[in-house]
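Me: I would like to learn how to read features in a structure like this one. Please take them one at a time, with the general idea before the case.

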Amino acid sequence: MDLMPGGDLRYHIGSRRRFSEEQTKFFVACIFLGLEYLHNNNIIHRDIKPENIVLDEKGYPRITDLGIARYFRAENSCDTSGTPGYMAPEVICRQNHTFAVDYFALGVIAYEFMMGRRPYNGRSRNEIRDEILSRQVQVKKSDIPDGWSLEAADFINRLIQRKATNRLGYMGSQDIRSHPWLRMFPWEKLQNKELPAPYKPAVTICLTQS
């Protein structure tokens, strides 16, 4: 695969803790395009998380690690693998699931970029399951950090809905494209990599000759 010297998003979250709304929107849009491509090819990634998103030298993210990806099938309740904290409730609870599980994970990442923490935490899968089942986390108006919009909060809130049928993207990727937060996004420029990344990682490549 192409050299991706920018590191993964987990590293950058660790060093920055939060990203700006502009940076988050760029990352979300890039990851969404990757997911849309997978979903159009009937594939559920099922392990979207910052560790599996790596950056190139220009700051464009790529989705990696399709180790537990699966072709979609109606009966898939036995496919429960994933990373606690980013797994959709229907996967944790061993229910049949759709492409919407990847959008839940995307919402968790966006929430983490905004708030500096994940919406559901725990020391084990069971603790996270109990957290998810006990309450619906939402970004309240009073919680929105300075420099962030109400549209961004609404976008995140609609992605992290516990009930899949209420989740943005459940009816297809057009739901996400038409949300006010992304409605005017320059998709064609992004697809052609003509859009400057608002967050460019420091890249140092050392070449040795033997």
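Me: Which residues do ring pairs link into a cluster?
Reply: A pair of aromatic rings is described by the distance of the centres and the angle of the planes. In this predicted model, ring pairs join Phe-19, Phe-26, Phe-27, Tyr-60, Phe-113 and Tyr-199 into a cluster. One of these rings also has a charge over it: Lys-193 lies over the face of Tyr-60, at 5.5 Å from the ring centre.

Me: How many aromatic pairs does a search of the whole structure find?
Reply: The search finds twelve aromatic pairs. Take Phe-155 and Trp-181: their ring centres are 4.9 Å apart and their planes are at 45°, so this pair is tilted. The pair links distant parts of the chain, with Phe-155 in helix α6 (residues 150-159) and Trp-181 in the loop between α7 (173-177) and α8 (187-191), 26 residues apart.

Me: Are Phe-155 and Trp-181 buried or exposed?
Reply: Buried means under 20% relative accessible area. Phe-155 has 0% relative accessibility and therefore counts as buried. Trp-181 has 5%, so Trp-181 counts as buried too. For Phe-185 and Trp-187, the ring centres are 5.0 Å apart and the planes are at 50°, so that pair is tilted. Phe-185 and Trp-187 are both buried. Arg-177 lies over the face of Trp-187, at 4.8 Å from the ring centre.

Me: Which residues of α6 are buried, and what do they pack against?
Reply: In α6 the buried residues are Ala-152, Ala-153, Phe-155, Ile-156, Asn-157 and Leu-159. The buried residues of this helix pack against α2, α4 and α7.

Me: How do the axes of α2 and α4 cross?
Reply: For two helices, look at the approach of the axes and at the crossing angle. The axes of helix α2 (residues 21-40) and helix α4 (residues 100-115) come within 11 Å and cross at roughly 170°. Because angles over 145 degrees count as roughly antiparallel, α2 is roughly antiparallel to α4. On the α2 side the contact is made by Thr-24, Phe-27, Val-28, Ile-31, Phe-32, Leu-35 and His-39, and on the α4 side by Asp-102, Tyr-103, Leu-106, Ala-110 and Phe-113. By type, the residues of this contact divide into nine nonpolar, two polar and one charged.

Me: What does Leu-9 touch?
Reply: Not counting residues up to four places away in sequence, Leu-9 touches Phe-27, Ile-31, Pro-50, Ile-53, Leu-55 and Phe-113. Leu-9 lies in helix α1 and, at 0% relative accessibility, counts as buried.

Me: Is Glu-112 buried or exposed, and what does Glu-112 touch?
Reply: Glu-112 lies in helix α4. Its relative accessible area is 5%, so Glu-112 is buried. Leaving out residues up to four places away in sequence, Glu-112 touches Arg-10, Ile-13, Arg-17, Pro-50, Tyr-86, Arg-117 and Arg-118.

Me: What is the phi of Arg-17?
Reply: Arg-17 has a positive phi of about 75° although it is not a glycine. Arg-17 is found in the loop between α1 (9-16) and α2. Arg-94 also has a positive phi, near 60°, and is a residue other than glycine. Arg-94 is placed in the loop between α3 (89-92) and α4. With a relative accessible area of 58%, Arg-94 is exposed.

Me: Where is Asn-96 found, and what does Asn-96 touch?
Reply: Asn-96 is found in the loop between α3 and α4. At a relative accessible area of 35%, Asn-96 is partly exposed. Asn-96 touches Ala-74, Glu-75, Asn-76, Ser-77 and Glu-90, not counting residues up to four places away in sequence. Asn-96 and Ala-69 are 27 residues apart in sequence and 15 Å apart in space, C-alpha to C-alpha.

Me: Is Gly-14 buried or exposed?
Reply: Gly-14, found in helix α1, has 64% relative accessibility and so counts as exposed. The C-alpha atoms of Gly-14 and Gly-116 are separated by 9.5 Å, and the two residues are 102 residues apart along the chain.

Definitions and conventions: Residues numbered from 1 in each chain as written. Predicted model: local features only at pLDDT ≥ 70, side-chain atom pairs only at ≥ 80, totals over all residues. Heavy atoms only, no water. Axes fitted to C-alpha atoms, helices over the stretch in contact; angles between N-to-C directions. Helix = DSSP H or I, 4+ residues; strand = E, 2+ residues; numbered from the N terminus. Parallel < 35°, antiparallel > 145°, perpendicular 65-115°, else oblique. Contact = heavy atoms within 4.5 Å. Nonpolar A, V, L, I, M, F, W, Y, C, P; charged D, E, K, R; others polar. Phe/Tyr/Trp six-rings, centres within 6.5 Å; stacked < 30°, edge-to-face > 60°. Buried < 20%, exposed > 50% of the residue type's maximum accessible area, 1.4 Å probe, protein only. Lys NZ or Arg CZ within 6 Å of the ring centre and 35° of its normal.
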